[in-house]
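Subject: Structure handover

Hello,

Here is the structure for you to look over. My notes follow below it.

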Amino acid sequence: MSKVASHSFASLTCAIDRAAKNDMPTTIVVFGASGDLAKKKTFPALFHLFEQNLLPKRTRIIGYARTHMTVEDFHKRATSHFNPQADKSSIDKFLGICEYVSGKYDVDEDFQRLRSEIDRLEQESNIDTSCERIHVYYMALPPSVFVDVATQIKNNVYDESCTNRVVIEKPFGHDLESSRQLSKDIGGLFEESEVFRIDHYLGKEMVKNIMTLRFANVFYEAVWDRHYISNIQITFKEPFGTEGRGGYFDQFGIIRDVMQNHLLQVLSIVAMNQPKSLSAEDIRDSKTEVLKRILPIQLEDTMLGQYVGTSDGGKPGYKDDDTVPKDSITPTFAQCVMHVDNDRWRGVPWVIKAGKALDEAKMLIRIQFKDMPNSLFPNLARNELVIQVSPKESVYIKTIVKEPGLSTNLAMSELDLTYKTRYHDIKIPDAYATLILDVLNGDHSNFVRSDELDEAWRIFTPLLHQIENDRVKPLPYKYGSSGPEGVYQFVEDRVGYKRT
Ligand code: NDP
Ligand code: BG6
């Protein structure tokens, strides 16, 4: 193994060591334990950590929701999305630490019962309650009940002798005003240091890798500015529509669902200056500083789309969903040109694009460099650095080489680091597993701070309000296509992207 590789493994081992050393008795309460996120992401992630011995040894997990279920039914639901190859005895041991409490989200007595259950489990595990303990409250809940549940936790469950951590899922509000209200409500109950706002993109391997690429390799950072970079595109494409989630999606649309959070978070890491240190607050300071320099997005810099069904009727249109109003103007596709107004980036356009029911599944960051000045070779294509976040984790640099053999022609090739090929022995963990591990370690680096959130809404709110007030109609595009007509032309015309 090369020196560089062994160094990176050392850092990974360090992170895991840190987790293993966190041996404080821990109780994790998952609110909304009967729901979709809990079964698809939260419990599989908790089991993954349990299997890898990364949960503190004395951990107990309590599922909480209104649904009346026996603990056996809850276990069935919680394990329904586990890997079918998972070891049966590990699952049984995991379920041995998982209990269920049924209760409403706004009833004092129900939360007092929850508190009694936490106390009972701590007694059962012989935990000395005068010692340090961690209580994690994970809200896998619709945002309409976040504040009720947070209030109940504070009034009836919160134990001041513990380290308390509250995990909140997006959406954090609907616009700048509602997000500020939510931050105020949550901030009135918990310290910012107790709050972990999940944006699961921050837990993805290749997103976590951006800082390492930029700040651990001299040659990337040397060209990371307006002198060398022509334009940057951050793209999210999903090959399926909102099937089954139309009702939820129609209140949000693609800009709130994916762009204001996931894509903007990625943009802020690509654009930020080097943080003062690797501490969570220094990293978040750097991200916030760059977000503050992003100008609000203009409608004329935006293309909106909404998918329609295929002509053969094989795939439905967005409005064919019964839960979506027939006159909905909610965009299921958007691409926007953005500008970061600071010395590093002034003049470099950024395009963020996201769409549902498109032709493929892909999330990537494409950094296109400027034309080679004074080149010996005529008509050179541009270099690009591409970081593919999913589905195939990879980093590649589009590089011009001499066509191999007797030819003297030039060819575009790639310096290609595809993770599956290079790191075939390593299973890349799900984003939720890494983020829950961070919560257990009290590491906020990959969570959204309230001032970051405020900036994110400042950038998008005027555009969202204009779309809604003026009822701006999205362009139609066929399910399974690459987006509305002119989708690529828009990028070529508006930001000068040149196809390589
Ligand atoms: P669900 O709609 O499945 O809701 C979770 C649970 O909350 C339900 O099982 C239900 O439990 C309770 N609940 C549902 N609606 C209401 C309501 N109107 N009032 C009170 N309680 C209600 O949500 P998800 O699990 O899909 O999502 C949870 C959170 O995670 C949301 O904030 C979502 O935006 C976010 N999220 C979800 C993702 C996913 O893949 N599902 C991905 C990323 C984020 P009971 O009736 O038993 O109390
Ligand atoms: C969620 C959005 O936050 O992210 C979904 O609400 C989207 O609409 C999902 O499908 C994408 O996440 P991933 O990890 O599958 O890329």
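Strand E1 (residues 26-31) and strand E2 (residues 59-65) pair in parallel through six bridges. Valine 29 has isoleucine 62 of E2 as its bridge partner. Strands pair here if DSSP finds at least two bridges between them. Helices (H or I, at least four residues) and strands (E, at least two) are DSSP runs, numbered from the N terminus.

Before you go further: this is a predicted model, in which local features need pLDDT of at least 70 and side-chain atom pairs count only at pLDDT 80 or more, while totals for chains, interfaces and linings use all residues. Residues are numbered from 1 along each chain as its sequence is written, and chains are lettered from A and ligands numbered from 1 in the order in which they are written.

The sheet

E1 and E2 belong to an open sheet of six strands, ordered E3-E2-E1-E4-E5-E6, with parallel pairing. Strands E3 (98-102) and E6 (195-198) are at the edges; each has a single partner strand, so one side of each lacks a neighbour in the sheet. Neighbouring strands are turned by 20 degrees against each other on average, direction ignored. Helix H3 (residues 71-78) packs on this sheet and touches E2 and E3. The direction of H3 makes about 115 degrees with that of E3. Axes are lines fitted to C-alpha atoms, for helices over the stretch in contact, and angles run from 0 to 180 degrees between N-to-C directions.

A helix pair

Helices H6 (residues 146-157) and H7 (residues 176-189) pack at about 10 degrees, with axes 9 Å apart. They are therefore roughly parallel (angles under 35 degrees count as such). H6 contributes Phe146, Val147, Ala150, Thr151 and Lys154 to the contact; H7 contributes Leu182, Asp185, Ile186 and Leu189. Contact means C-beta atoms, placed from the backbone, within 7 Å. By class, this contact has six nonpolar, one polar and two charged residues. Ala, Val, Leu, Ile, Met, Phe, Trp, Tyr, Cys and Pro count as nonpolar, Asp, Glu, Lys and Arg as charged, and the others, Gly among them, as polar.

The ligands

Ligand 1 has 20 residues around it; Gly35, Leu37, Ala65, Arg66 and Thr67 come nearest. A residue is near a molecule if its C-beta atom, placed from the backbone, lies within 6 Å of it. Helix H2 (residues 36-51) gives the most to this shell, with four residues. His200, Glu238, Asp257, Val258, Met363 and Ser390 surround ligand 2.

Regards

Technical notes. Contact = placed C-beta atoms within 7 Å. Parallel < 35°, antiparallel > 145°, perpendicular 65-115°, else oblique.
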